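Please look over the sequence and the structure together before reading on. The paragraphs that follow go through the structure one part after another.

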Amino acid sequence: MLCPECGKRPATIHYTKIVNGEKSEFHLCEVCAQEKGEHMPGFDNGFSFHQLLSGLLNFDSSSSGGHEGYETNLLRCPTCGLTYNQFSKVGRFGCGDCYHTFQDRLEPLLRRIHGHTSHNGKIPSRAKGELKLQRQLEQLREQLAQKVQAEEFEEAARLRDQIRELQDRLKK
């Protein structure tokens, strides 16, 4: 698709603008988008994802009064030395230990962004039932191998029957 403004370059920027309930879609090349002067993410006159995250982090620390802002400035990862203040400006952690160091600050932020603080996985809803059965089948097979090795044959027979039942359900 060519840019409708210049008709020369491919339209690589696609955005929707809603003003007073009216929706307008735009498809522009980078040059025309900058000339048009729209505020778009990724451009100098727009904002980046890191700025958005930084704003949320600053909102989190400034919304609670008292000495918490002072404590946040002193909060530092023991492994990489990154401070919470630096993290809020950069939007990235320095190492894996930062997650544990800043956990108390991250949980409210993640809850506000995602609605929860636990990862539920990336299983498509249409495949969720079958995948769950397959995982359960794998676990039962591992348990069966352990029971056979421990010579607990009655328990192994019960697990074998459960495996057959799950296999039949998967075939349907």
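The end C-alpha atoms of residues 130–169 lie 9 Å apart, and this span is 92% helix and 0% strand. The model in which these values were computed is a predicted one. For residues 130–169, an unreviewed UniProt entry gives the feature "coiled-coil region".

A search of the whole structure finds four salt bridges, and one of them joins K23 to E25, whose closest N and O atoms are 3.9 Å apart. K23 counts as exposed, because its relative accessibility is 57%.

The aromatic residues come next. Across the whole structure, a search finds six aromatic pairs, among them the stacked pair of F87 and F93, with 4.3 Å from centre to centre and 15° between the planes. F87 counts as buried at 4% relative accessibility, whereas F93 is partly exposed, with a relative accessible area of 22%. F87 also pairs with F102: the ring centres are 6.1 Å apart and the planes stand at 10°, so this pair is stacked as well. Because F87 lies in helix α4 (residues 84–90) and F102 in the loop between α5 (97–101) and α6 (103–114), the pair ties together parts that are 15 residues apart in sequence. F102 itself counts as buried, at 0% relative accessibility. Taken together, ring pairs link Y84, F87, F93, Y99 and F102 into a cluster.

Which residues make up the largest nonpolar core? This core has nine residues in all, namely C77, L82, Y84, F87, C95, C98, F102, L106 and L109, and both α4 and α6 supply at least two residues each to it. C98, one of the core residues, is in contact with C77, C80, L82 and F93 when its neighbours within four places in sequence are left aside. Apart from this core lies another, of eight residues, including Y15, L28, C29 and A33.

Note on methods: Residues numbered from 1 in each chain as written. Predicted model: local features only at pLDDT ≥ 70, side-chain atom pairs only at ≥ 80, totals over all residues. Heavy atoms only, no water. UniProt positions renumbered as here; feature names shortened; annotations may be inferred. Helix = DSSP H or I, 4+ residues; strand = E, 2+ residues; numbered from the N terminus. Phe/Tyr/Trp six-rings, centres within 6.5 Å; stacked < 30°, edge-to-face > 60°. Buried < 20%, exposed > 50% of the residue type's maximum accessible area, 1.4 Å probe, protein only. Core = buried A, V, L, I, M, F, W, Y, C linked by side-chain atoms within 4.5 Å. Contact = heavy atoms within 4.5 Å. Salt bridge = Lys/Arg side-chain N within 4 Å of Asp/Glu carboxyl O.
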